[in-house]
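I opened this one to look at what surrounds the ligands. My notes follow.

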Amino acid sequence: MADLSINMCGIKSPNPFWLASGPPSNCGEQVMRAFEMGWGGAVWKTLGKPIVNVDSRLGAVDYSGTKMMGFNNIELITDRPLDANFKEIYEVKRRYPDRAVVVSLMAESKEEWREIVQRSEDAGADGLELNFGCPHGMCERGMGSSVGQEPVVLEKITSWVMEYAQTPVLVKLTPNVTDILDPGVAAVRGGGNGISLINTVKSLIGVDLDTLFIKPTVGAESTSGGYCGPAVKPIALNMVATLARDPRITVPISGIGGISNWQDSVEYFALGATSVQVCTAVMHYGYRIVEDMIDGLNNYLDEMGMKSVNDLIGKAIPGFVEWGELDLNYDIVAKIDASKCIGCGLCYISCLDGAHQCVHTNKGQCYAYHGEPDHGFNPRIEVSAPIRHQPKNGDLAHVPFIDEKECVGCNLCMLVCPVPDCITMEEISHSKGKESWNDRVARGLV
Amino acid sequence: MTEKQELSTLLPSDRLETQFSDAKPPYTDLEAVIEANRCLNCYDAPCISACPTGIDIPIFIKKIASGNIRGSATTIFEANMLGSSTARVCPVEELCVGACVFNELNHKPIQIGFLQRYVTEKALEAEVRTGNRLFVPADVETGKKVALIGAGPASLACAAYLALEGVSPVIYEKDELPGGLNTTAVAPYKFQTDDCMKEVEWILQHGVRLHTGVKIGKDVEFRQLVQEYDAVFIGIGFGKDGRLKLPGSDGSGVWGALELIREIKNNPNFSLPVNLNSVLVIGGGNTAIDVARELAMLGIPNVNIVYRRTRSEMPGYQHELEGASKYGVRMMENVVPISIVRDGGVIRSLKVKSNQSGEVFELSCDWVVEAIGQESHAIAVSPDIAVDEMGRVIVDSGTYMTTHPNVYAGGDCINGGKEVVNAAADGREAAFAMLRSWGIKSRFIKDDGKI
Ligand SMILES: Cc1cc2nc3c(=O)[nH]c(=O)nc-3n(C[C@H](O)[C@H](O)[C@H](O)COP(=O)(O)OP(=O)(O)OC[C@H]3O[C@@H](n4cnc5c(N)ncnc54)[C@H](O)[C@@H]3O)c2cc1C
Ligand SMILES: Cc1cc2nc3c(=O)[nH]c(=O)nc-3n(C[C@H](O)[C@H](O)[C@H](O)COP(=O)(O)O)c2cc1C
Ligand code: SF4
């Protein structure tokens, strides 16, 4: 059993899985049930001057029968009285002293920040999270992402909070910026003890085809919302990794965005996150998903021979380089395992129409035009015999074959193939050694 | 001679077949979308090649997934005007579903028949509701008339493609009900006559005329059709049950399989005797399996198929045999029937001989049903029609034209008895050949000659 406990800039929790600020952390009764299920911490639903919410407020993207592969909302911060929230925070901390309770905050004036910081800490918060990320509703009022998008304002408000806060302060960033390093560096300069990211991505989830109303519909109208769920994970991973590898970011990171299981979390840890937060997956399946997250992470760390989740943090970062550093001499080609091929033809059509016309079949018209001086003008020349797939036994006429000389190693065929390990990418060995674009520039070759 | 349009009203309600429930009940919207999303959308998919009408299956399935019900059904009907019945009667395990690449992964193949039924039913319901037809006949006067003999799947498909391009098809059917074996023979747990009438009505609404109760070769001469029409299509199917004429056959209790199935399906006055306990079905084809399963499903406790060779040699499909065995149908291999033994006129047993030991013994039974194949009846239509040694009408493989100019044929009468989908494919190809010969373009044929 590996050690899953973490210490995120002084906020301790028995495991790195926290509820993100949102509906699952809306009230004490919920957070207590979550802790009962095993969640290591919770970032309370953002507190601030009470607001009024609209109906409806949620929308989703379903993909090929998979529900909620992307999710969006136009919900604001808590719509419950502050007193009630603080009472419940106190009660949760009393009953679950070992769990991390971080209170998410959003305020306007310096005085308001002072008051809400103190009341949160009086209620027993282990830490604070500054919501500079909400992309709807609050930003029009000069809060949320309107702060997160202005590094100068973000730095100033962070430094106000730091004047009053006794507990660690996490700054939650919006992804709706050109370069995540701008708000990231500002958060560190303002004195923040840690960074949480991402909040939701500004979005419009879709249009109802019958009414032509935009979703989620409020009467006949709608507005831009915030996108999250599995679809945003790659966006969030990129931002987490970008901060993690930058020497100016000297504080720990709490990774958020599209985490549904332990595998997602491993990616976040490997790219530099110390804790991870989950919202959409809990809204979809409930708190119970944490059981597999803990169990799966544990088994994974054991298999990897890692004693603690801390051993994993940032492990993938050394491989995260600029494009100019990549090895231009590294060569791979696609290989099809004929014994696994089911003949679906998807590698053929995807390479033909979407890549480099290097997958061929024995079934008829071949559109290969390689080897022609006017590459592209004479697309109907039969592929010559030598590169045909030669099955040893049985009728393998359905198995496509790869023109390895022309394959550019893009991966597309492997990605579309429905059979595990049927198409693999194999390295072509050569004696050329590594050479990157930057190397070429340095040698004056380009 | 009667001309029929409102067919459903012809059908008596208390047919024995209505006691059968659907072996493959229709999908709900949710089931259809889940199944449609499972399809890999293969390129040049093997299921398409396995379909005799070559329906673009991945396309119709992905249109279900995207909610394009009308487009999906159109994709099906373009290739197969009998898409409604074939969705339900096709032996998909042997055709499209059997070719699905998921079989290679030992994974449940895509349920193409279920999806096809779902979407054709849904689209035709919408057509009735909205009055917005999937196919509107071309607004042209070609002046061409075609007579079609027999109102089975082959003629119906042929007539539909002709009518859509402004040709006037007239079908002559000897029976009172159209539909061919879809009406009189196809297993009632797959497809019943009321649905078959709906399909025929749908075909007729595109401008196809139907005369029932007219037997060509008897009531109207074949030569007369050839003279009056620009072309004739022969879609007469194969003929009656072949009979063994075993000693002891005379008297009650000995049936031809088609004869008995037709009673079950179409005759409102038919019922099984209450004391019927044991039936032997002679044969090894799908008709033998069908009739055995139907009797078992109707509550006959002992139904046995008696076959002269082994299970692995039988022409009937294994999946059908398995389906029948679930209802208690058993099978006896390697036995040859010799005679029917009667006690005072009532059947006591079937005397058989073992193919292996040569031993002769009696199998007690109340009824004997012979399912040994059909006999050709092409000659009855006209002696001018050339047939091969099996009695199959000889046609050109590309145009479906017989040796008689402008006389075409398709379906069971040219292949000796295959499936509805083969008849639908033949009918379509014959229609396209006729249109080509008159320089009329079918809307379904692209410039490259493909459908
Ligand atoms: C018991 C049984 C079960 C079957 N089950 C299935 C199944 O589950 N799935 C499947 O795909 N296929 C099944 N088939 C096969 C299928 O029914 C046939 O392949 C198909 O119906 C052939 O169509 P057709 O138009 O060629 O002929 P038919 O369906 O036989 O139609 C021919 C029509 O022509 C009429 N006719 C004949 N002579 C004349 C004449 N001289 N004048 C006027 N009209 C005439 C007949 O009355 C009949 O209506 C089954 C067949 C049988 C016997
Ligand atoms: C309905 C809803 C309400 C949210 N409310 C808040 C909030 O009040 N404060 C906040 O900081 N983030 C809020 N978020 C953003 C989440 O905390 C989280 O950053 C985002 O959803 C990405 O994580 P996920 O992909 O696991 O959902 C909300 C998200 C959703 C879906
Ligand atoms: S790796 Fe890319 S280029 Fe090579 S065969 Fe596959 S799809 Fe084509």
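I started with ligand 3 and found 14 residues around it, with A:Cys351, A:Cys407, A:Cys410, A:Asn411 and A:Cys413 coming nearest; near here means having a heavy atom within 4 Å. By class, that shell has 12 nonpolar, two polar and no charged residues. My classes: Ala, Val, Leu, Ile, Met, Phe, Trp, Tyr, Cys and Pro are nonpolar, Asp, Glu, Lys and Arg are charged, and the others, Gly among them, are polar.

A note on the source: this is a predicted model, where local features need pLDDT of at least 70 and side-chain atom pairs count only at pLDDT 80 or more, while totals for chains, interfaces and linings use all residues. Residues are numbered from 1 along each chain as its sequence is written, chains are lettered from A and ligands numbered from 1 in the order in which they are written, and side-chain values use heavy atoms, with hydrogens and water left out.

Next I went to ligand 1. Of the 35 residues around ligand 1, the nearest are B:Val89, B:Glu173, B:Leu181, B:Lys190 and B:Asp412. The shell around ligand 1 splits into 17 nonpolar, nine polar and nine charged residues.

Which residue puts a side-chain N or O atom 2.8 Å from an oxygen atom of ligand 1? I found B:Lys190 there. I also noted a backbone N or O atom of B:Val420 at 3.0 Å from an oxygen atom of ligand 1. The protein covers 94% of the 1,000 Å² of accessible area that ligand 1 has on its own (Shrake-Rupley method, 1.4 Å probe).

Conventions:
A polar contact is a pair of N or O atoms within 3.5 Å; within protein, one must be able to donate a hydrogen and the other to accept it, and residues adjacent in sequence count only if both atoms are side-chain atoms.
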